[in-house]
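This report goes through one protein model part by part. Please look at the sequence and the structure before reading on.

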Amino acid sequence: MKVVLFCGGYGLRMRSGAADDMPKPMAMVGPRPLIWHVMRYYAYYGHTEFILCLGYGAHHIKDFFLNYEETTSNDFVLRGGRTELLSTDIADWTITFAQTGIESPIGERLRRVRHHLDGDEMFLANYADVLTDAPLPEMIDRFARRDAGASMMVVPPQSSFHCVDLGEDGLVGGITAVSDMPLWENGGYFVLRQEVFDHIPENGDLVADGCAQLAKRGRLVAHQHRGFWKPTDTVKERAALDDAYARGDRPWAVWERDTAGARA
């Protein structure tokens, strides 16, 4: 299936200064940017046709792929001054680069690349800045068996804060960690049918408009995931992932599992 990646937002909480025009999906985790990790995840499961919804800082993403260095993340042999790759990352990928506007909401970005989907009944979508080890084939298969217009991966709340139960007299009746409450957050991994376009107005949003309308009609399903899931909304979150990568603690790198098994 084709994979639509939303990678055109400002990512203000990831910016390091006024002169920094790097889009958030280009923030580095290990030797590669976030968007690469997300794409490798999908490619591992056989989904190698990508549609990048570009906007702010689009030239950084274009330059990265136009000048892609396979030797950064692949073993190779240098023989007679020529490089012989022992493996490749993106040789079998098809990437469509589509400018979808600087200020466009997510839903509008999706609307603007609809013609690139060739009328496919189902397709995948992602924010391009969230990493997970979720079982994608299971997510797709469960949705394919359902009569629904969209599937949204949901995860337990990630906040470290606590909710306080207050009585009318101001006395605290209880304190509960947000992560222990019976709530679920949008995890940013979607499986969609063309039906979703019927509910996204011009300059609309994928979740607030498209998914919300489908939910009202009983046409939205959720895939609950309690495994690894990490967003990168802030510099601190990105740095934590980078540190984990350096330690070899990278559960989102599902493509490394086969390599680890071979070494063992």
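Two strands count as paired if DSSP finds at least two bridges between them. With that rule in hand, the pairing of strand β8 can be read below. The model is predicted.

## Strand β8 and its partners

Strand β8 covers residues 122-126. Its pairing with β1 is parallel and made by three bridges. In this pair, V3 is the residue that stands opposite L124 of β8. β8 also pairs with β13, here in the antiparallel sense and over five bridges. One of the positions concerned is A125, whose bridge partner in β13 is F190.

Is β8 mostly covered or mostly open? Five of its five residues are buried, and the strand is mostly covered. In a regular strand the side chains alternate between the two faces of the sheet. In β8, M122, L124 and N126 point one way, while F123 and A125 point the other way. Residues of both sets are buried.

## The hairpin of β11 and β12

Strands β11 (residues 162-166) and β12 (residues 172-177) run antiparallel and are joined by five bridges. H162 has A177 of β12 as its bridge partner. Five residues lie between the two strands of this hairpin. The hairpin also holds G170, which takes a positive phi near 85 degrees.

## Helix α2

Which residues of helix α2 are buried? In this helix, residues 58-66, they are A58, I61, F64 and F65. These residues lie on the same side of α2, because they cover an arc of only 130 degrees around the axis. An α-helix has 3.6 residues a turn, so residues three or four places apart point the same way.

Several elements cover the buried residues of α2, including the strands β1 (2-7), β3 (32-33), β4 (49-54) and β7 (94-99). The helix α1 (34-44) is also among the covering elements.

## Nonpolar cores

In soluble globular proteins, nonpolar side chains tend to be buried together. The largest nonpolar core of this model has 48 residues. Within this core, the residues with the most contacts are L5, Y42, L52, F65 and W252. Helix α1 gives the largest share of the core, eight residues. Apart from this core lies another, of 21 residues, with L110, M152, V154 and L206 among them.

L52 shows what such contacts look like in one place. Leaving aside neighbours within four places in sequence, L52 is in contact with L5, C7, I35, M39, I61, F65, I95, T96, F97 and A98. Two of these, I61 and F65, are among the buried residues of α2.

T100 sits in the loop between β7 and α3 (106-112). Is T100 buried or exposed? T100 counts as buried, because its relative accessibility is 0%, and the cut-off for buried is under 20%.

Not counting residues up to four places away in sequence, T100 touches C53, L54, R109, R112 and V113. A polar atom of the T100 side chain lies 2.8 Å from the backbone oxygen of L54. The C-alpha atoms of T100 and L52 are 9.1 Å apart, although 48 residues separate the two along the chain.

A128 is not a glycine, yet it has a positive phi of about 70 degrees. This residue lies in the loop between β8 and β9 (130-132). A128 is buried, with a relative accessible area of 0%.

N203 is not a glycine either, and its phi is positive, at about 60 degrees. N203 is found in the loop between β13 (185-193) and α5 (206-216). With a relative accessible area of 46%, N203 is partly exposed.

## Cysteines

How many disulfides does the model have? The count is zero, where a disulfide would need two cysteine sulfur atoms within 2.5 Å. For C7, the nearest cysteine sulfur is that of C53, 6.6 Å away. C7 counts as buried, at 1% relative accessibility.

C211 is buried, with a relative accessible area of 2%.

Definitions and conventions:
Residues numbered from 1 in each chain as written. Predicted model: local features only at pLDDT ≥ 70, side-chain atom pairs only at ≥ 80, totals over all residues. Heavy atoms only, no water. Helix = DSSP H or I, 4+ residues; strand = E, 2+ residues; numbered from the N terminus. Buried < 20%, exposed > 50% of the residue type's maximum accessible area, 1.4 Å probe, protein only. Arc of directions from axis to C-beta. Contact = heavy atoms within 4.5 Å. Polar contact = N/O pair within 3.5 Å; in protein donor to acceptor, adjacent residues only side chain to side chain. Core = buried A, V, L, I, M, F, W, Y, C linked by side-chain atoms within 4.5 Å.
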